[in-house]
Every structure is written in structure tokens, then in C-alpha cells.
Amino acid sequence: MSTGIISTEERERLNHDEAGLIVMGGPDALENHAFADWFRQLQFEGWESFQQLPMPARTDEAWRFASVKSLDISAYSRPLPVPDATQSELIERSVALHDVAGRMVFANDQLLKREILSDTLRSKGVIFEPIEKAVTEHADIFRSHFMTQDVVLGSKKFAALHKAWVKSGTFLYIPRDLEVELPIEIYHWLHGDGGSTFPHTLLIAGENSRVTLVDYFESTDENASGFACGVNDLFLERGAKLTYVNVQNWSRKTLALQINSTVVGRDANAVSMNVNLGASYARSESVSRLVGEGGRSDMLAVSVAEGEQEFDQRTLQDHQQPNTASDLLYKNSLADKARTIFAGLIRVEPHAHKTDAYQKVRNLLLSDDAEANSMPGLEILADEVRCTHGATSGQIDEEELYYMLSRGLTRQLAQQLIVFGFLNEVIERVDNDAIGEHLAARLHRKFA
Amino acid sequence: MATETTIDIDRSIGDFSYPEQHTFDAGIGLTRDTVNYISDVKNDPDWVREFRLKALEVFESKPLPTHWASKDLEAIDFQKIRYYLANGQRATRSWDEVPEDVKRTFERLGIPEQERKFLAGVEAQFDSEAVYSNIKKAVGEQGVIFVGSTEGLKEHPEIFRKWFGKVIPTGDNKFSALNSAVFSGGSFIYVPPGVKVKHPLQAYFRINAENFGQFERTLIIADEGSEVMYMEGCTAPKFETATLHSAVVELVAMKGAKIQYITVQNWSANVFNLVTKRGLAHEEAEIKWIDCNIGSRLTMKYPGVVMKGRKARGEVISIALAGDGQHQDTGAKMVHAADETTSNIISKSISIGKGRATYRGLVHVPKHLKNCKNNTECDALLINSTSRTDTYPAITVRGTGNAVQHEASVSQVSAEQIFYMMQRGLTEGQAMSLSVNGFVNDLVRQFPMEYSVELKRLIDLEMEGSVG
């Protein structure tokens, strides 16, 4: 059992890490022989950089306005196996959309179920596998895409931790010209108090292919604390079309980070949306890299913040090639003592002429104790561009509310309707009725 | 305009320098001795000396803000700068007493004799000390105090001390600390209640010695219901080594008062211009900064207004022209600290050649305030394919009942427009100049006449070299 990666002493130390805390021992995958050497090597590198990199500080520009003190992850334990009874219960609960092409269910980074329901997904060349299988069976294509994107929006340390601990997740490859009509949905459950999870999604949409993927993030116990540190990397090859939705609904005691890269090739078209409902502190870092002419990325987000929730959203629209387009729309509704942070940057690299980039964040404040921070940024290094951004913060229009009250609606209901209408504008941009209906139901549930 | 063009802007315009002698010279570098020397020469009261020495400690303890600001700041060698230089002349009051070479400098600045008469009062700063101070009779009769800051702190300590360092504390940032340690020159203005100063008060600043930094300190207090307009313009001779300019300007508008502060900054392209400007607006008071940045190597300046009283109003109108090798990092800060306060920021920038214009803004609406409004508009114009522009606003809004909106856009001069004008017989440079002047025209119109004329000339000068 020579691994050649770590010394005997080091392994000894890892094995005797009695607490099982994620920040204490190295990745247990080091001892997991299901993984190939090169993957274990990557994990070890991840662990090393995690230890070397500093924790975010209040003065880091990438963490401005964020409550960095809430990032203490020292007490969370490594993902533990889920009991059998819970497993079957979770499988049953893991249905959001009626008609899907395929589905995977994970709990604490362990695959519980994988279903392939449509014939398209059975087509030749499609790969729809958990990561542990992709590592060995599709090593070349997996390896050339896995964790290859530079983390530029602040969470390098957490991306390193993810790399160290990741042990499952989705690998989806759609071969060229294949169109998968129905959405694919993936559930990621976090089970147990004080546990952790490192969900991973790696998607490659081949030339002129088309696919829709939805990731759901859920806790089994609404009162359990937890730490979630996920990565989703999406690659669109020439002419590919992707719709990606990320529904974050962790328990209200969860500290969550989600690091995304969407790489948009020539004439490809990505629509991605983040929905923030759960967690105590949730940070999302979303990067769209437009690396081929004619590429377009629509970046959307809907956040319903209440109680003492803090949603910290950082984005980058990175225009590396001419004639690329991006359009960002983030909407936040804030109740109670909620806080939101939006920091977005449109970057137009030199020579990325004829860029068309748009960025808009809108905050709807429903309470005097809520706080919305907006930092919409532009860095333009080319000319012949059309770039605009806007940020607004306001509240419900009293006249609109009065009108609804005069029609006999209760104040609470009127307010819910207005907030829903405000957020629904973003959901409609996804242009998928089934997903839209599901998300609308989710929002109503959170309002209730 | 996607083609690479070689830019050759004539920067010799405004470059002139005459031999000079200085009786007082604090030498090169910054230590406690330097600060003590300045205090000795200026015959500072004890509290000022203590204030300076404490500020030096703050300056030394603060790191450069390169975690968000330009790394170019690292090019400043604080130990190679001369912090105080003066010929020991007292402020003179008649034009005849002004040295001949200084008069020549004014001539080159293009201020015609006739126009000078219109200037309400000229506080001409030649190096660190005011050598010429002319308060128009009428202004003096109204009870307005318009003197150098050194004179102000000695002769009017009861007003000066009450507000000095209160709007911008020493520790606000590294450069406000530096200014607090070594400041000399600048203006002190007090406008008594109800007095409306008809003519703008004006001061010209110049840098005229190599390695010599200017650290003006200006404090303007407009008492209840008064109104005053202050204008500040700078042009500096060209030197071979970097020069540092770090001013602190504090404005206090009491209840119902109005202050307008106008700056046209045209330092030569080797100057680091790191300035802190902030105003405190009490109830129903209004503070307006009109800020135009054309020169310098790196300017970092974000004029701010703290709206402390109900219905106070803050405004920043900003024009930045970033030519080759220049970085104009400018913007505004609006801190709403009372109900029904309103603020407005309009920023227009033009980036030419390899120039970089950055807008950095801060809007803060804290908890439990009602009916506060902010409007921010930033427009950037890119002239060449190598030009760069950035926008970094930070907006915090707490609670309901307030409306804040920010909008920014980036565009370029349309090729069709230029083509059209050239068909009509204009050169490409003239056409470009016309387009750019059109882009900023609505803001330039807000400047007093002589400034808007000067501004137009400066834009023409810049644009002449921008097309190749």
C-alpha cells in the first residue's frame, strides 16, 4: 500500500486524528483506494495549499462588508456515512421536477441513487457518473477539466479545502450535437449536526449540445448546524447551450460557500441562476469566462434573506474575446436583520472589442434593520464596448401597497405578492416552465 | 479606432520654472526632526506641534492602501521628498510687492490682468508660504476672514481649533496623517452668519522646486445661512523625479449655509496627487464639490460630504481626463447621517492613449434614517483601444424609506461622428476635441466662466495629441 505521496509519519498523523475535524486531519481520501494516485495527489496538494493560505481578513478587498468572523470552520467534522433508514427517506424526498432526464442523490458526499430516465441520456457518449467513477473510467477528460479554473474572487483557501476533501459529486458530459430535452436534477443532502459536505458538479457541454441541470442543496434537519463548501464548474464548448440552476436551501445554521466557474466557448450560450434561500451565511462566487467570440452568459440570482441571514455574492464577467456578451441580474429581498453583499465586476480584457456587458443588482428592503451592500464594478481595457451597470436599493412602493390593501388584501399578503413579483422577473429569465413553477413554490414556502 | 496608435502628447505646455532661493529648507526625508523644524520655522503653538508629531506616528504606523489602490503608490519614496521649503517671505498684500518671477508665472498661466481684478481675493501660494494675499475690500468689510492656514490658526484660534481636524481626522488615511504632520500653506476662510460672498474666493497653488511636495491645509467654515464659493487651480512645472502633493481640505457648512468648492487640477505628469477632501453639512446646508482632474501621474481624490443635519445636501461633480501614463483615481463619498438628506454624484471621465480613469465611490445610508436619496451617474469615454476605465462603487443601504440608485456606462466616440465632422472640414483632432467637449459640456457649464474657458482649452490641448 505504498502511495508515494505522503510519508508514513504523515499518514500516521492523519489516521490518529481522533476528532475527525476537517481542519485537523488531511483528507481521508488519501487512504481511499477507490481513487487513482493522481487524484490523491491533487487532494494532497489541495490540503497543503489550504494550510498555507491565510484565512480571509476584514481588510481583504474580496471580503469587504462580509462578516469574516463567521467563517470559523474549526469545529466541523468530516462527512460521515448516512444511516440506511435515512438514505431511503432522502431518496424519496429527492424529487423536485416531474419529468427529468436523470437524477442523482448524494448525502454527505456519498452517492445514494443514480437514475437515468430518458433515452437521450442513454445516448452514446453521454457520461453521467459520480466523480469517484469518472476519475477512473473517464480519467482523461475528467482530469483535464477538474479544478482547473483559477479561483479569483477570494475563496482560494476554501477551494483548496474542497479539493482536499471532495470525494463525490456529478460528472456530466454531453457529446456534440446532442440535445437533452428534459432537465437533470441533482440533490446534495447534509446530514447530522456539525457535519460538513463538499458537493461538486463538473459539467462539460460538447459542441452544439444542449442541456439543463439543477443542483439542490438541502439539510436533513432544519436545526442542524453544518458547513458546505461546494464547487461547480461548467464548460461550454463551441455552440453549446446550457441552463444551470443552483438552489441553495441549507439549514439556517449552515455556513455555506459555493465557487463557480462557467467557461463559455465560441457562440456558446450559458444561462445560470443562483437561488439563495437557506444558510446563516452563504457566499457564492460566480465567474463567467467568455473565451470564444460570439459567446454569451446570462448570470441570474434570486435571494430571499430574512432573520439574520447574510448572503454574500461575488461575480465576475470576464470578457476575454471580442464580440462576447454577458448580462447579469441579481435581485435581493431583505427582511428582518438580513444582510446582503453584492460585489460584481465586468472585466473587458484588452482586445476584447465589441463586448456587450450588462450588470444590474436590485435590493428590496423590507425592514429597517436590513442592510444591502452593493459594489457593482467595471474594468474596461478595450474600446468599442458597450458596458453599463446599475445598482438600486429601495423599498416597496407605498402607493402600490395601498392599492392592494384597498382591494381587500392583507398587508402581509400584499407584501408577499409584491416581493414575489419583484423576484419572479429573474426566474422567468430561465425560460423553463417546470423549473419556474418549482422555484415559485419554493419562494412561496419561504414567505409563508 | 481599434488600431494601436502612438500617442505623443505635448506635456511641455505649462512647464516653466524660474530660479529661486529658499531661506528655510527642511531638507530631504521625514523624521521627528523634520516636523520639529517645520514647527520651529512656522513658530507653531504647542498644540500644533503636538498635533504634528502625533500625526507623524500615525503616518508611520499606517501601511500604503495598496490592497485596493494602485501599486504605483509604492513608487513614492517618502525619504526622498522635501517636506518644507520657504523663502521666509511674509504674506504680502499689494500686487507691487509680489516678486517679478512669480508675476511671470501667473502670466504664463494665462490669467489676463483684467481678469485678475475680478478675482475676489487671490491667495497665491508660491511653494509653501503665501506670498501674495489680496482680499478684496468688499469681502473684508463683510467680516469674511480669508487668510493662509498658518495665519488662521494663530489669529483666529477660537474658530480654527474648533473645526481643525474634525471633519478629516488625522488617522482617516495614511496621506491625511502625512498632511497633518507636515502641513503648511492652504487657506482658512470664515464666513459670518448670513453673509453671501458675491465673488468667488480663489487661490492658485504651484509647485516650484524639485522633490518638493505641497501639503496644503484648507479649512472653510460657512456660518449659518452664509454662502461662499472657493476656487482652486493648480499647474506645476515639469520635473524629472516624482513629486508628492497631499492636501487636506475640510469644509464646514452650518445650518442653511452653502459652500461650493471648485478645483481644476493640472499638475504635471510626474506628480502624485493624493488628496483628502470632505465637508460636513449641518441642517439644510449644502456642500458642492466641483472637481476637475486633468494633470498628475496618479491622483487619488474622493471628495466627500457628511450630511449631519436634516435636509442637508451633498453634491459632487467630477470630470477626469486621463492621458497617456496617467491614472485618475477619483470619485466621491456620500455619508448620510440624518433624515431627508440628499446627495448627487455625477462623474464623467475620459481615457486617452494608455490613460486610466477610475471612479471609486462610497454611499452610506445607515439605519433608521428616512427619506434619504442618492443618485449616482458615472459615464466613461474611451478614446483609444489602449485606454482603460474602471468603476468601483460601494453602496450600503440600511432600512426602508430611502432610495439609492447608481448607474454607470462606458462608451467611445463614435467613428461616424468623427467622420461627419471631418467631412465638414475639421481635422481629426478638432473633431475629437469637439466630441469630448460635448461629452463633458453639461458638467463644464457648472464651472465659473473663466474656469470653463480654461477647461475647454485644456481638453483641446489634450485631444490634439490623441489621434495619430
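Guide: Two residues count as being in contact when their C-beta atoms, placed from the backbone, lie within 7 Å. Before we apply this, note that this is a predicted model, in which local features need pLDDT of at least 70 and side-chain atom pairs count only at pLDDT 80 or more, while totals for chains, interfaces and linings use all residues. Residues are numbered from 1 along each chain as its sequence is written, and chains are lettered from A and ligands numbered from 1 in the order in which they are written.

Visitor: How many residues of chain B are in contact with chain A?

Guide: 33 residues of chain B are in contact with 34 residues of chain A. On the chain B side, the elements that give two or more residues are β22 (388-398) and β23 (403-412) of chain B, strands being DSSP runs of E with at least two residues and helices runs of H or I with at least four, numbered from the N terminus. β22(B) gives the most to that side, with eleven residues.

Visitor: What classes do the residues on the chain B side divide into?

Guide: They divide into 13 nonpolar, 15 polar and five charged, where Ala, Val, Leu, Ile, Met, Phe, Trp, Tyr, Cys and Pro count as nonpolar, Asp, Glu, Lys and Arg as charged, and the others, Gly among them, as polar.

Visitor: Which strand of chain A pairs with β23(B)?

Guide: Strands pair if DSSP finds at least two bridges between them; here β20 (residues 386-394) of chain A and β23(B) pair in the antiparallel sense over seven bridges. Within this pairing, Ala391(A) has His406(B) as its bridge partner.

Visitor: At what angle do the axes of α2 and α8 of chain B cross?

Guide: Axes are lines fitted to C-alpha atoms, for helices over the stretch in contact, and angles run from 0 to 180 degrees between N-to-C directions. The axes of α2 (residues 46-61) and α8 (residues 174-182) of chain B come within 7 Å and cross at roughly 150°. α2(B) and α8(B) are therefore roughly antiparallel to each other, given that angles under 35 degrees count as roughly parallel, over 145 as roughly antiparallel, 65 to 115 as roughly perpendicular and the rest as oblique.
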